[in-house]
Amino acid sequence: MSARPLPLAAYERFRTHDLDEARAEVGEAFCPHGLRLADHGARLDSRMNAAVFDRTGLYCLDYGADVVITPGALESFFLVQIPLAGVAEVTQGRERVVSTTELATVLSATERLSMRWRAGAPHLVAWFDRAALEARLGGLLGREPHRPLVFSLGMDLTQPSSRSWLSIVDMIRRDAETDGDLLRRPPVLKQVEGLLMTQLLLAQPSNYTPALTSAQPRVAPRAVKRAMELIEAHPAEPLTTGDVAAAVGVGERALYEGFRRHLNTTPMSYLRDVRLDRAHAELTACGPDATSVTDVAFQWGFVHLGRFARAYRERFGENPSATLRR
């Protein structure tokens with residue numbers, strides 16, 4: 001077995017030298033596919049780790065040999081494949097890319113795919129449920145997509161937008177590897193997965209990029225007011241910009257622009273401020289014997305106590321514990 005450990009070591013799925021076993025295990029995780037050794041005299045040394053969430057997942061996969069992979073079309077999911085070392089040759093539709101540590105590949109659900117992973121090319125793979133990603137696209141557009149989503153194959157990881165997306169992947173990986181509880185909280189997981197999908201849609205060129213980058217229709221103050229009222233009525237709920245936009249009948253980007261234009265803020269910043277105000281009111285009204293800073297923070301939707309304390313100090317000029325004691 002290879003001596004170099006893969007990321008997500010606590011989430012091992014399999015290790016094998018057997019080609020048929022590797023094909024079956026990877027097929028169960030993703031989809032049925034062809035798998036063969038490019039060099040018939042080579043010895044497979046395959047392993048996979050996986051941390052799977054609700055609508056997304058992270059996989060680390062290494063074949064330990066030069067292999068040819070032929071899945072055809074993925075159909076029900078999208079993948080972003082990031083070589084941790086070495087190279088892979090990927091062909092999808094009419095595009096062909098030689099993937100490296102600086103050039104990932106974004107695999108679309110509807111295009112035929114074939115790959116050759118060279119020996120010494122372990123990959124970190126981000127998995128996206130197709131229905132969830134296309135729903136996120138619809139939220140950004142403010143309408144249901146009428147054509148399949150197709151990304152450009154190569155993702156330049158040296159570009160700022162791609163690095164921002166990769167930083168979200170790294171945050172998820174680190175939390176999983178350190179057995180953190182951030183992603184065990186359904187409201188947090190929903191927001192992190194939504195952010196991961198949104199950033200991919202905005203960072204990676206696709207057939208919907210022109211629509212995503214075009215000027216958005218102005219949102220009337222009436223819609224902004226309804227959004228404010230919704231947030232103020234349900235601040236403790238795990239709301240996202242998409243939830244609020246859908247409730248008031250506009251697209252996410254249009255709502256974002258409406259808040260920026262009329263309130264000089266964003267929907268999520270407005271939600272945070274409402275939550276801070278509610279937390280401040282409760283801490284002011286209660287004493288240390290009646291509640292705690294942690295309980296109040298969690299009650300009003302703050303799951304990261306350090307960020308809550310920092311935002312609270314910036315808004316009210318003191319720590320939440322000082323308010324509670326007073």
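Let's start with Thr294, which lies in helix H10 (residues 293-299); helices here are DSSP runs of H or I with at least four residues, strands are runs of E with at least two, and both are numbered from the N terminus. At 31% relative accessibility, Thr294 counts as partly exposed. For that term, buried means under 20% relative accessible area, exposed means over 50%, and partly exposed is in between, with a 1.4 Å probe and protein chains only. The C-alpha atoms of Thr294 and Ser321 are separated by 9.6 Å, while the two residues are 27 apart along the chain.

A word on the model itself: it is predicted, so local features need pLDDT of at least 70 and side-chain atom pairs count only at pLDDT 80 or more, whereas totals for chains, interfaces and linings use all residues. Residues are numbered from 1 along each chain as its sequence is written, and side-chain values use heavy atoms, with hydrogens and water left out.

## Helix H3

Helix H3 covers residues 160-177, which makes 18 residues. From its first C-alpha to its last it reaches 25 Å, close to the 26 Å expected at 1.5 Å a residue; the expected span is 1.5 Å times one less than the number of residues.

Which residues of H3 are buried? They are Ser162, Trp165, Leu166, Ile168, Val169, Ile172, Arg173, Asp175 and Ala176. These buried residues pack against several elements, among them strand S3 (46-52), strand S4 (56-62), strand S11 (123-129) and helix H4 (186-203), where contact means heavy atoms within 4.5 Å. Strand S6 (77-83) and strand S12 (154-156) are also packing partners of the buried residues of H3.

The term stands for a side-chain nitrogen of Lys or Arg within 4 Å of a carboxyl oxygen of Asp or Glu. Both residues lie in H3, 3 residues apart, about one turn of the helix. Arg173 counts as buried at 18% relative accessibility, whereas Asp170 is partly exposed with a relative accessible area of 23%.

## Residues with positive phi

Most residues other than glycine have a negative phi. Just after H3, Asp179 takes a positive phi of about 55°. Leu8, in the segment before strand S1 (12-16), has a phi near 60° and counts as buried at 1% relative accessibility. Glu75 has a positive phi of about 70° although it is not a glycine. Glu75 is found in the loop between strand S5 (67-72) and S6, and at 56% relative accessibility Glu75 counts as exposed.

## A five-stranded open sheet

In what order do the 5 strands of the open sheet run? The order is S2-S5-S10-S7-S8, and the pairing is antiparallel; two strands pair if DSSP finds at least two bridges between them. Strand S2 (34-37) and strand S8 (95-99) stand at the edges with a single partner strand each, so one side of each is left without a neighbour in the sheet. The twist averages 10° from one strand to the next, with axes as lines fitted to C-alpha atoms (for helices, over the stretch in contact) and angles running from 0 to 180 degrees between N-to-C directions.

Strand S7 (residues 88-92) and S8 run antiparallel and are joined by 5 bridges. Val90 has Val97 in S8 as its bridge partner.

## Salt bridges across the structure

How many salt bridges does a search of the whole structure find? It finds 17. In one of them, Arg118 pairs with Asp66, the closest N and O atoms being 3.1 Å apart. Arg118 lies in the loop between strand S10 (113-117) and S11 and Asp66 in the loop between S4 and S5, so the pair ties together parts that are 52 residues apart in sequence. Arg118 is partly exposed at 28%, while Asp66 is buried at 14%. Asp66 and Arg118 also belong to a network of salt bridges that links them with Glu89, Arg96 and Arg116.

Glu257 forms a salt bridge with Arg260, with the closest N and O atoms 2.6 Å apart. Both lie in helix H8, 3 residues apart, about one turn of the helix. Glu257 is partly exposed at 23%, and Arg260 counts as partly exposed at 43%.

Thr265 is placed in the loop between helix H8 (252-263) and helix H9 (267-285). At 18% relative accessibility, Thr265 counts as buried. Leaving aside residues up to four places away in sequence, Thr265 touches Tyr256, Phe259, Arg260 and Tyr270.
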